[in-house]
Each structure stands twice: as C-alpha cells, then as structure tokens.
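Student: Could we read a structure together, feature by feature, with the general idea given before each case?

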Amino acid sequence: MHTPEARARRIGEVILDVQNITLRFGGVVANSNVSFDIRKGEIRAIIGPNGAGKSSMLNVINGFYHPQEGTITWKGKARTKMQPHEAAATGIARTFQNIALFRGMSTLDNIMTGRVTKMKRGLLAHALHWGPALKEEIEHRSFVEQVIDFLEIQHIRNVPVGRLPYGLQKRVELGRALAAEPELLLLDEPMAGMNLEEKEDMSRFILDVNDEFGTTIALIEHDMGVVMDLSDRVVVLDHGSKIADGTPEEVQSDQRVIDAYLGVAHDDEEEA
Ligand SMILES: Nc1ncnc2c1ncn2[C@@H]1O[C@H](COP(=O)(O)OP(=O)(O)OP(=O)(O)O)[C@@H](O)[C@H]1O
C-alpha cells in the first residue's frame with residue numbers, strides 16, 4: 001500500500017493553501033513571502049538548513065504565530081487570527097521538536113489529553129465522573145486504547161512517560177496528536193535524536209497513519225533519507241524564503257537546494 005502509485009491515486013484536493021506568508025520577529029525575518037500548498041492525503045516535507053524558518057512555518061499553520069503578511073486557507077476558508085486551540089478544533093494537530101508531554105503522567109493519560117478538543121463536557125465533569133461525562137469518557141478511553149494498539153505501546157500504557165526511552169516518548173507524543181483524530185498532522189522533527197531502528201519504526205507508523213486513516217501529514221525532518229522515502233512532495237526553505245518545491249527527486253537535484261545545504265553564500269550575503 002506504500003507504493004508511490006497507490007499514494008498518488010489517493011492524493012486529493014488542496015486542503016491547506018499558504019500564500020505569501022511573511023513573519024517577522026522585530027528585525028528577524030523568519031518567513032519571507034512563502035507560498036505552497038498541501039493536498040489532502042499527501043505526506044509533505046518541509047526541509048532546509050538550521051534557521052531556515054521551518055518551525056516558524058508550522059507555528060503559523062497551527063495558529064501559534066500570526067504572520068504580518070499573507071493568507072492561510074484551510075479547507076477552503078481563509079483564516080484570520082486563529083488560536084492553536086481553534087486550529088486543533090478544526091482538525092490540525094501537531095507534535096513538537098522538543099517533546100512536550102506530562103512527564104509524571106502515564107502513557108494512557110498523556111494520550112487522553114489529546115482527546116480534549118473532542119470532549120463535549122468539561123474536564124471537571126470528567127474528573128468528577130459525573131454520569132453523562134462518565135459515558136463519554138468510556139468512549140474516549142476506547143478510542144485511546146485503539147491508538148495505543150495501533151502504535152504498539154500496550155506494554156507501557158501505565159508507565160509515567162518521564163521514565164520511557166526517548167524513542168518511545170516520541171511515539172507517545174504521536175499518539176497524543178492522533179487521539180485528536182486530525183485531518184492534518186504537523187510533525188516537527190519526529191525522528192530527531194533517534195537511532196536507526198527507532199527511525200525505521202517511526203517511519204512505518206507515519207506511513208501507516210497516512211495509509212490507514214488517510215491523514216494528511218506535513219513534517220519537518222533533517223534526515224534526508226527519511227524525507228526522500230516518506231514524502232510525496234517537498235518544500236525547501238532557506239533563510240526564510242522558499243527556494244524549491246517538488247517531488248523528492250526534483251528537489252534533490254536542484255542546484256539551489258544543493259548550494260543551501262553546502263552553505264554556499266547567497267548573493268545578498270556576498271554583497272554585505
Ligand atoms: N519566537 C521567536 N523570537 C525571535 N526570533 C525567532 C523566534 N522563533 C524563531 N525565530 C527566528 O526565526 C528564524 C527561523 O527560525 P525557525 O526556528 O523557524 O527555523 P528552523 O528552520 O525551524 O530551524 P531549526 O532547523 O534549527 O529548528 C531564526 O533566525 C530564529 O532565530
């Protein structure tokens with residue numbers, strides 16, 4: 001099911017359209033006039049050297065940063081200043097470069113926090129096990145158990161995540177994002193700090209999430225082998241600007257991309 005042909009058949013309409021985004025922090029331009037789109041069902045990589053503006057772009061997409069210029073159209077609707085919880089409620093979930101889990105809480109409870117946007121009744125009602133909330137909680141727990149089975153982490157379901165090896169913590173973080181049943185999953189360096197075996201496991205889970213649930217995925221990744229194996233299309237940023245956009249093969253052989261990775265000076269730097 002992971003063949004390029006099978007995936008090409010499944011890729012649909014543009015679901016997220018990023019147009020002319022410029023994001024500044026004082027004098028620092030993190031993103032400069034960046035445009036690209038993400039199609040339903042695809043795995044889209046965002047790559048580039050350190051400081052290229054990749055994490056900033058994910059933060060713009062999930063509403064954490066508000067760009068000074070440009071528009072984001074999500075599922076056909078131009079978005080104004082959407083907050084992260086609103087983005088989550090409309091189907092965008094993410095993981096972070098540095099794991100952001102509750103270290104003292106179990107795997108199960110951490111993944112359960114990913115269901116919050118789906119809960120009709122407040123957390124207090126759930127904590128009090130109030131009748132209707134209890135019924136709802138059972139349904140949420142059953143969904144979370146499916147996520148745990150899917151990610152093959154039954155054996156650590158009751159272990160506090162702070163005690164888990166790094167690779168498993170990353171998997172729990174993926175589980176928490178999946179618990180929100182996202183349409184678009186944003187992964188910020190899902191393989192960072194992993195050994196080869198952990199990377200292979202994570203790659204398999206990313207492909208399975210995409211295949212089995214049809215989840216659209218945008219990921220930032222530094223490991224070029226992983227990017228080339230997983231992604232349908234790749235957008236390349238450098239110094240805040242887009243320098244290439246295309247299939248893995250296309251961007252790999254693009255001279256601007258090769259220069260950016262080799263650290264070849266830009267014209268503007270040479271002039272400075
Ligand atoms: N909150 C912030 N305040 C000020 N400057 C920021 C902030 N976030 C990012 N920047 C700056 O914006 C630029 C792009 O940073 P960003 O983290 O998006 O790059 P990146 O491509 O994700 O880098 P890396 O691969 O090293 O994680 C950098 O110059 C960075 O210092």
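Predicted model: local features only at pLDDT ≥ 70, side-chain atom pairs only at ≥ 80, totals over all residues.

Tutor: Residues are numbered from 1 along each chain as its sequence is written.

Student: What span should helix H8 have, and how far apart are its end C-alpha atoms?

Tutor: Helices (H or I, at least four residues) and strands (E, at least two) are DSSP runs numbered from the N terminus, and the expected span of a helix is 1.5 Å times one less than its number of residues. For the 18 residues of H8 (residues 196-213) that gives 26 Å, in agreement with end C-alpha atoms that are 26 Å apart. H8 is followed by Gly214, which has a positive phi, near 70°.

Student: Which residues of H8 are buried, and which are exposed on the other side?

Tutor: A residue is buried if 20 or more other C-beta atoms, placed from the backbone, lie within 10 Å of its own, exposed if 12 or fewer, and partly exposed in between. In H8 the buried ones are Met202, Ser203, Ile206, Val209 and Asn210. Seen down the helix axis, they fall within an arc of 125° (taken from the directions from the axis to the C-beta atoms), so they line one face of H8. Glu197, Arg204 and Glu212, on the other side, are exposed.

Student: Into which domains is the chain divided?

Tutor: Domain bounds come from an automatic or database domain assignment, which here gives domain 1 (1-91 + 182-272) and domain 2 (101-181). Counting a contact when C-beta atoms, placed from the backbone, lie within 7 Å, eleven residues of domain 1 are in contact with ten residues of domain 2. H8 gives the most to the side of domain 1 that touches domain 2, with four residues.

Student: Which residues are around the ligand?

Tutor: A residue is near a molecule if its C-beta atom, placed from the backbone, lies within 6 Å of it. Those around the ligand include Phe25, Val28, Asn50, Lys54 and Ser55, and helix H2 (54-61) gives the most to this shell, with three residues.

Student: Is Glu249 buried or exposed?

Tutor: Glu249, which lies in helix H10 (residues 248-252), is exposed, because 10 other C-beta atoms lie within 10 Å. Glu249 and Asp238 are eleven residues apart in sequence and 18 Å apart in space, C-alpha to C-alpha.

Terms used. Contact = placed C-beta atoms within 7 Å.
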